[in-house]
Amino acid sequence: MRGSTAGRRLPAKETLRSNIKDYIQQQIAEGVYRPGDRIVETRLAKELNVSQAPVREAMLELATMGLLEERPYSGTYVRNFSIEEIEDIFLTRAFIEEHAAKCAAKRVTEEQLARMEAVLDEMDRNRELRDFVHLDMEFHTLVMDAAGSPALKRAWTLLRMSEWTYLCAAITAFSLDEMIAQHRKIYQYLKAREEDSAGAYMFLHLKGFGDELARYFAQQQAQAEDS
């Protein structure tokens with residue numbers, strides 16, 4: 001991640017695990033892994049030329065966030081999501097972050113605003129999807145911190161909601177410029193202390209990605225049934 005964390009390097013093990021998680025989500029976004037497909041740990045480790053340990057850790061994290069599912073005595077599979085499940089996940093995130101944005105508009109400090117702006121500037125300079133995704137996650141984390149509610153932040157963190165960002169960014173019809181503009185709009189509402197507008201725009205921002213992801217999984221399931 002960049003922006004407010006400039007100069008901080010993730011430990012090599014954590015970076016490798018993060019890269020593998022991104023790779024799996026990319027494969028799902030590109031339709032290489034479809035809903036119901038088994039992901040074989042040994043095969044993936046060989047494909048990426050890494051040991052099985054970080055692959056296992058990455059797959060466990062993706063299972064924890066709900067993207068993969070572990071079946072006893074069978075293996076790990078891409079979850080077969082219903083539209084209702086996707087809507088539930090993203091409406092929950094949208095409601096949590098709507099409230100966070102409204103609180104942040106009241107409580108955000110000048111230092112926090114400066115950190116958010118630095119992240120947005122870094123988004124403008126980096127046009128790689130993976131860079132954008134991790135900066136996006138950092139921006140939303142900053143909003144959660146600015147809300148000033150430890151309980152809200154714990155709920156958001158435990159649900160691992162921001163970790164859907166890579167898949168959403170990979171399948172969206174929005175360009176990187178459009179996604180960056182959406183984040184700048186949220187920032188502008190926070191800076192102007194416009195609570196209702198900040199909350200409403202955050203809600204629509206997240207719900208829109210949920211709607212796109214629901215359509216994507218429905219299309220992938222239909223293709224799998226036809227093949």
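User: Great. What should I know before we start?
Analyst: This is a predicted model, so local features need pLDDT of at least 70, side-chain atom pairs count only at pLDDT 80 or more, and totals for chains, interfaces and linings use all residues. Residues are numbered from 1 along each chain as its sequence is written, and side-chain values use heavy atoms, with hydrogens and water left out.

User: Which residues touch the most other members in the largest nonpolar core?
Analyst: Trp164 and Leu213 do, in a core of 60 residues. A nonpolar core here is a set of buried Ala, Val, Leu, Ile, Met, Phe, Trp, Tyr and Cys residues joined through side-chain atoms within 4.5 Å. Buried means under 20% relative accessible area, exposed means over 50%, and partly exposed is in between (1.4 Å probe, protein chains only).

User: And which helix gives the most to this core?
Analyst: Helix 10 (residues 195-226), with nine residues. Helices (H or I, at least four residues) and strands (E, at least two) are DSSP runs, numbered from the N terminus.

User: What does Leu213 touch?
Analyst: Leaving out residues up to four places away in sequence, Leu213 touches Ile86, Phe90, Trp164, Leu167, Cys168 and Ile171. Contact means heavy atoms within 4.5 Å. There is also a second, separate core of eight residues, with Ile96, Met144, Trp156 and Met161 among them.

User: You mentioned a cysteine. How many disulfides are there?
Analyst: The search of the whole structure finds zero. The test looks for a pair of cysteine sulfur atoms within 2.5 Å. As for individual cysteines, Cys103 is buried at a relative accessible area of 7%, and Cys168 is buried at 5%.

User: Switching topic: how do strand 2 and strand 3 pair?
Analyst: Strand 2 (residues 68-71) and strand 3 (residues 75-78) pair in the antiparallel sense over four bridges. Strands count as paired if DSSP finds at least two bridges between them. Leu68 has Val78 as its bridge partner in strand 3.

User: Is Val78 buried or exposed, and what does it touch?
Analyst: Val78 is buried, with a relative accessible area of 0%. Not counting residues up to four places away in sequence, Val78 touches several residues, including Ile28, Tyr33, Pro35, Ile39 and Leu67. Val78 and Tyr33 are 45 residues apart in sequence, yet their C-alpha atoms are 7.2 Å apart in space.

User: What sits between those strands?
Analyst: The hairpin has three residues between the strands, and Tyr73 there takes a positive phi near 60°. Tyr73 counts as exposed, at 90% relative accessibility.

User: Now charges. How many salt bridges does the count come to?
Analyst: The count is 20 salt bridges. Each one is a side-chain nitrogen of Lys or Arg within 4 Å of a carboxyl oxygen of Asp or Glu.

User: What does Arg130 pair with?
Analyst: Arg130 forms a salt bridge with Asp22, and the closest N and O atoms are 2.6 Å apart. Arg130 is in helix 6 and Asp22 in helix 1 (residues 12-29), so the pair ties together parts 108 residues apart in sequence. Arg130 is partly exposed at 31%, while Asp22 is buried at 6%.

User: And Arg184?
Analyst: Arg184 forms a salt bridge with Asp121, with the closest N and O atoms 2.8 Å apart. That pair links helix 9 (residues 176-191), which holds Arg184, to helix 5 (residues 110-125), which holds Asp121.
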